[in-house]
Amino acid sequence: MHTSLAASPVSSPDASSPCRSGASAAAPHAVIATLAALLVASTPLTAQRAPVSASPAGAKVLAALDARGDHYAGVAQQIWGFAEVGYQEVQSSALLQQELKAAGFALAVGVAGAPTAFTATFGSGKPVIAIVGEFDALPGLSQDATPAKKPISEGGAGHGCGHHLFGTASTASAIAVKEWMVANKIPGTLRFYGTPAEEGGSGKVFMVRAGLFKDVDAVVSWHPGDRNLADANSTLANISAKFRFRGVSAHAAMAPDKGRSALDGVEAMTHMVNMMREHVPQDTRIHYVITNGGRAPNVVPDFAEVFFYARQSDMRVLDQIWERMLSAAKGAAMGTGTTVEHETIGAVYNILPNEVLARVQQRNLERVGGVKYTAEDRAFAEQLRTTLEAPVPPIDDAARVMPFVGGQVDAASTDMGDVSWAVPTVAMSAATWVPGTAAHSWQAVAAGGTPIGAKGMMVAAKTMSLTAMDLFTDPALITKARAEFDQRRGPDFVYKTRLDREKPALDYRK
Ligand SMILES: [Zn+2]
Ligand SMILES: [Zn+2]
């Protein structure tokens with residue numbers, strides 16, 4: 001996922017706001033809007049005393065991270081080179097485990113039914129602060145670290161979402177915070193979560209479902225991007241499934257009456273779902289590809305498959321839309337004399353923002369500052385930006401920290417969503433890519449393999465470390481974050497995932 005997509009306001013108290021049309025959608029947004037107003041009006045968190053992040057201890061942690069910048073750039077470069085896709089991140093996961101183990105963390109590997117998922121824990125007791133790291137690559141995005149399109153291996157995988165930086169920066173941060181805890185005898189538990197298969201594999205959903213976040217008080221995270229920003233925005237919930245239709249094959253000219261076309265089933269379903277678009281809330285997104293439409297026009301296909309995604313800013317609304325899509329599948333099968341079954345591939349919640357934590361993260365990000373380019377970085381960026389679609393923001397945006405925003409919905413989805421409904425969660429974006437770069441592009445892979453990516457990553461590592469330090473030393477901060485979390489989630493919230501499969505789809509990229 002990423003945050004550089006156009007955001008649409010959805011939590012405005014204005015009744016004409018586009019997603020206030022559904023009664024069930026209106027309630028949570030109204031709660032969020034009221035909360036946001038309350039929070040903006042409240043006194044700053046720093047009113048009582050200066051946070052530890054602003055003390056010499058904070059400066060010491062930043063210096064320690066600077067001193068290891070080259071080492072972590074090397075770790076990220078290795079994972080960038082491995083470019084392992086979801087649930088196959090064997091080397092990438094092992095490398096991060098090795099870093100954490102060497103630093104004194106206790107590992108639990110292969111958790112939640114995924115061999116590449118792990119936790120690394122230091123300390124004991126409360127509070128329990130978590131730092132999350134991803135490391136999966138994307139198929140088909142192989143690209144060299146050059147400002148012109150040049151795959152390293154045609155059709156190979158590449159780090160188009162910057163997860164090699166994500167996992168490495170989070171590891172760097174966990175180690176720096178652990179060293180600060182040891183040096184200052186800070187009580188509590190610090191736990192790193194190595195979370196595989198973010199890209200479509202819903203790795204974190206299985207980890208949440210397995211109860212691995214149960215004792216956690218707050219989660220600190222980030223994501224690579226084209227700018228520096230901590231926000232209290234949400235994302236879109238997303239459910240995806242493959243619908244498999246089965247019919248009867250026959251000679252398409254000599255015995256069509258003997259056949260029942262599975263492709264007809266697929267087409268009838270897509271037709272009905274396309275008509276549904278007019279009758280769902282505006283901020284719903286539905287997309288599909290026909291992954292199997294038969295093999296030869298002169299044979300009535302006895303098998304066809306369509307792969308659907310549906311996204312919405314509110315999981316409860318999406319759940320209703322999804323039921324209607326399941327009905328469309330059944331109706332399509334009925335009308336075409338075929339049968340249908342579906343396999344749920346992924347299901348993630350929208351992000352439940354936490355403004356209390358996001359404002360702390362933003363304050364720490366402003367302290368750390370943006371990414372400083374050398375003359376070489378600038379030359380790379382100048383050349384790369386000629387390949388980007390206009391309007392392209394100025395290169396200097398990489399050095400800036402954007403103003404705080406909240407109450408918007410970014411048109412992306414992430415399995416961090418499920419984590420955010422289980423534990424108060426904060427993330428941020430750091431400029432690991434040339435400003436104007438979209439996630440999942442060759443330009444993102446390219447910059448991610450250069451010092452631009454490595455420097456952006458350290459902005460995130462430093463900011464997350466300061467935020468974790470504040471969480472360990474300010475119990476009131478955790479209490480406030482929890483109060484906001486409880487209010488946003490509502491007293492009746494029950495976590496319910498559509499991802500009913502027993503084990504992760506370990507072979508979904510094979
Ligand atoms: Zn992504
Ligand atoms: Zn991502």
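1. Basis of the values. Because the model is predicted, local features need pLDDT of at least 70 and side-chain atom pairs count only at pLDDT 80 or more, whereas totals for chains, interfaces and linings use all residues. Residues are numbered from 1 along each chain as its sequence is written, chains are lettered from A and ligands numbered from 1 in the order in which they are written, and side-chain values use heavy atoms, with hydrogens and water left out.

2. Geometry of the helix pair. Helix α5 (residues 163-184) and helix α13 (residues 451-473) have axes that come within 8 Å and cross at roughly 40°; helices here are DSSP runs of H or I with at least four residues, strands are runs of E with at least two, and both are numbered from the N terminus. The axes are lines fitted to C-alpha atoms, for helices over the stretch in contact, and angles run from 0 to 180 degrees between N-to-C directions. The two helices are therefore oblique to each other, given that angles under 35 degrees count as roughly parallel, over 145 as roughly antiparallel, 65 to 115 as roughly perpendicular and the rest as oblique. The crossing of α5 and α13 is right-handed, the term for a near helix turned clockwise from the far one by less than a right angle.

3. Residues between the helices. Among the α5 residues that meet α13 are Leu165, Ala172, Val177, Trp180 and Met181, and the α13 side includes Gly453, Met457, Met464, Phe472 and Thr473, contact being heavy atoms within 4.5 Å. By class, this contact has 14 nonpolar, six polar and no charged residues, where Ala, Val, Leu, Ile, Met, Phe, Trp, Tyr, Cys and Pro count as nonpolar, Asp, Glu, Lys and Arg as charged, and the others, Gly among them, as polar.

4. Thr473. Thr473 is placed in helix α13 and counts as partly exposed at 23% relative accessibility, on a scale where buried means under 20% relative accessible area, exposed over 50% and partly exposed in between (1.4 Å probe, protein chains only). Not counting residues up to four places away in sequence, Thr473 touches Arg49, Val52, Trp180 and Ile186.

5. Salt bridges around Arg244. The whole structure has 24 salt bridges, each a side-chain nitrogen of Lys or Arg within 4 Å of a carboxyl oxygen of Asp or Glu. In one of them Arg244 pairs with Glu305, with the closest N and O atoms 2.6 Å apart; Arg244 lies in strand β9 (residues 237-246) and Glu305 in strand β11 (residues 303-312), so the pair ties together parts that are 61 residues apart in sequence. Glu305 is buried, with a relative accessible area of 10%. Arg244 also forms a salt bridge with Glu343, at 2.9 Å between the closest N and O atoms, and since Glu343 lies in strand β12 (residues 339-348), this pair ties together parts that are 99 residues apart in sequence. Glu343 is partly exposed, at 25% relative accessibility.

6. Arg316 forms a salt bridge with Asp314, the closest N and O atoms being 3.6 Å apart; Arg316 is partly exposed at 48% relative accessible area, while Asp314 is buried at 5%. Through shared partners, salt bridges join Arg244, Glu305, Glu343 and Arg501 into one network.

7. Arg367. Arg367 lies in helix α9 (residues 355-368) and is partly exposed, with a relative accessible area of 35%. Leaving aside neighbours within four places in sequence, Arg367 is in contact with Ser53, Ala54, Ser55, Gly58, Ala59 and Leu466.
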